[in-house]
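Subject: Handover of the two-chain model

Dear colleague,

I am passing on the structure below, together with some notes on what came out of it. Please read the notes with the model open beside you.

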Amino acid sequence: MPADMVVLVATAVLACVAVVAALVALRAARQVARHQHADAPSPAEPATPAAVAVRDPEPQQAPREVRVVEGRVIVPPSREEVVSTALSRPQVRLAVLLHGVARALRPESRDRIGALVRREYRDRRRHRLRSGRRAARAAHLAVDPTPPSAHWLGEADGRAEDRAIGA
Amino acid sequence: MNGRFVWFVAGSAAGVYASVKARRAAYRMSMPGLIDQAAALGEGVRAFNAEVRHGMAERTAEIEQELTRPTTTVHPLSIPEDHRP
């Protein structure tokens, strides 16, 4: 059996499974819709296309009224849901991001960040140079324990002579 | 005599200044200097990000406040005629 034939048969089986699953899902959805239609309290309710968010002047939230319209459950959104939905819109998110970038690019922020970078670089350079000098001093002391001032004052030679005499 | 002394001091100061600047430029071009510059730049990027996030949080709070502000219903006839749109 050639390989392309195997792939063709597998694809056909997969398509059949998908069609059967879609039919089962459609039937279940219709059953649920019929069930909700039968349980609806008032069949003469107006068909509203979407839930409308209404601002409530009272601080405490009234209990949300759940309605079933044409077999669909409509729950009026709470204030938090309205706010979160409004804030998650792409335009709003982009506007919020642009506001943040504009704030970061203000002259005072630019100056502050520039000064921060310069100060950080200067501190790191000083720290590194200081560490290098300390390491060089330690390495020198490990080789020659006499302090540099002894060389400058001419005491190092005398100490070496004393050490030679003592040995 | 006085003029020579002034020129001596000016030349010494210029030499010290130039040597310090040259040493710093050489350090800036060296590998430790480049590493330090990269680290400082990273610090600046972090500060920039923090500033952006602060601005975003500020704007989000403003929008939330605007959306959760209680509204009052005003009948059109209750508005004075000269203030009606």
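What percentage of the 167 residues in chain A do buried residues make up? Buried residues account for 3% of them, where a residue is buried if 20 or more other C-beta atoms, placed from the backbone, lie within 10 Å of its own. In chain B, buried residues make up 8% of the 85 residues.

Before going further, please note that this is a predicted model, in which local features need pLDDT of at least 70 and side-chain atom pairs count only at pLDDT 80 or more, while totals for chains, interfaces and linings use all residues. Residues are numbered from 1 along each chain as its sequence is written, and chains are lettered from A and ligands numbered from 1 in the order in which they are written.

Chain A has 6 helices and 2 strands, arranged along the sequence as α-β-β-α-α-α-α-α, whereas chain B has 2 helices and 0 strands; helices (H or I, at least four residues) and strands (E, at least two) are DSSP runs, numbered from the N terminus.

The contact between the chains takes 24 residues from chain A and 25 residues from chain B, two residues being in contact if their C-beta atoms, placed from the backbone, lie within 7 Å. On the chain B side, helix α2 (residues 31–68) provides the largest share, with 21 residues.

Helix α3 (residues 90–104) of chain A packs on α2(B) at an angle of about 130 degrees, with the axes 7 Å apart; axes are lines fitted to C-alpha atoms, for helices over the stretch in contact, and angles run from 0 to 180 degrees between N-to-C directions. That angle makes α3(A) oblique to α2(B), since angles under 35 degrees count as roughly parallel, over 145 as roughly antiparallel, 65 to 115 as roughly perpendicular and the rest as oblique. Among the residues of α3(A) that meet α2(B) are Val92(A), Val96(A) and Arg103(A), and their counterparts in α2(B) include Phe48(B), Met56(B) and Ile63(B).

Helix α4 (residues 107–143) of chain A has 37 residues, which at 1.5 Å a residue should span 54 Å, and the end C-alpha atoms are 54 Å apart, which agrees; the expected span is 1.5 Å times one less than the number of residues. Because the number buried is 3, α4(A) lies largely in the open. The buried residues of α4(A) are Ile113(A), Val117(A) and Tyr121(A), and they pack against α2 of chain B.

With best regards

Methods:
A residue is buried if 20 or more other C-beta atoms lie within 10 Å of its own, exposed if 12 or fewer, and partly exposed in between; C-beta atoms are placed from the backbone.
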